[in-house]
Amino acid sequence: MIARLEGVLRERTPTRAVIDVGGVGYEALIPLSTFSALPEEGAQVALRIHTHVRADVFQLYGFATELERRVFELLLHASRVGPRLAQAILSGIEARALLSAIEQGDVPALKAVPGIGAKMAERLSVELRERAGALAEAAGGEAAAPVAETGGVRAQLLSALLNLQTQKGRAERVADEVLAELGGEAEIEVLVRAALRRLSR
């Protein structure tokens, strides 16, 4: 299993990064918090990796911090939560806030996260409460640094929403609404979070 990748960042979008390690490009699917911590393309980068292997699927999920990776893996212990949904959840809420909501059984806070409905919020708080508490105790103080965006803002926003399993028509409509409200100068992470909030209404 691949646990860590270090190399040159060749591509980055709000949901994926391509890292060149010795001439081989590895694609890692990432949450928004990791995207905001990535350096410029062409710079050295290191990501913690969760390797997902299932039948004919081999995917890498990358994280800027060990806490993000561990919270992602915690989510996978809940019934009906797969890697894509865990990635979407971590794109809608910071890892520490998610741990706190699960540990405290804060169902309303969990329901506010895009991708989590009422039943799932209750299930997460019941199934993961003890593990979330133990993980919260062990959590360090890592923080992600913002980075400048690359490429067209609308294209990046639309790509992020489509990669998070949003229907194309709805993704385009929400992307346009968010850009009209916040403007194209807003950071891509802010735009995607605003779009995810709209989608969860």
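Q: How much space lies in the largest pocket?
A: This is a predicted model, in which local features need pLDDT of at least 70, side-chain atom pairs count only at pLDDT 80 or more, and totals for chains, interfaces and linings use all residues. On a 1 Å grid over the protein atoms alone, a pocket is an open set of points where a 1.4 Å probe fits, with protein on both sides within 12 Å along at least five of seven lines. Points are joined across faces, edges and corners, and the volume is the space filled by probe spheres set on them. For the largest pocket, this space is about 280 Å³.

Q: Which helix gives the most to the lining of the largest pocket?
A: Helices are DSSP runs (H or I, at least four residues), numbered from the N terminus. The elements that give two or more residues to this lining are helix H3 (83-92) and helix H9 (188-199). The most, 3 residues, comes from H3.

Q: What percentage of the residues count as buried?
A: A residue is buried under 20% relative accessible area (1.4 Å probe, protein chains only). Of the 201 residues of the protein, the buried share is 46%.

Definitions and conventions: Residues are numbered from 1 along each chain as its sequence is written. Side-chain values use heavy atoms; hydrogens and water are left out. On a 1 Å grid over the protein atoms alone, a cavity is a set of points where a 1.4 Å probe fits but cannot get out, and a pocket is an open set with protein on both sides within 12 Å along at least five of seven lines; lining residues have an atom within 4 Å of a point. Buried means under 20% relative accessible area, exposed over 50%, partly exposed in between (1.4 Å probe, protein chains only).
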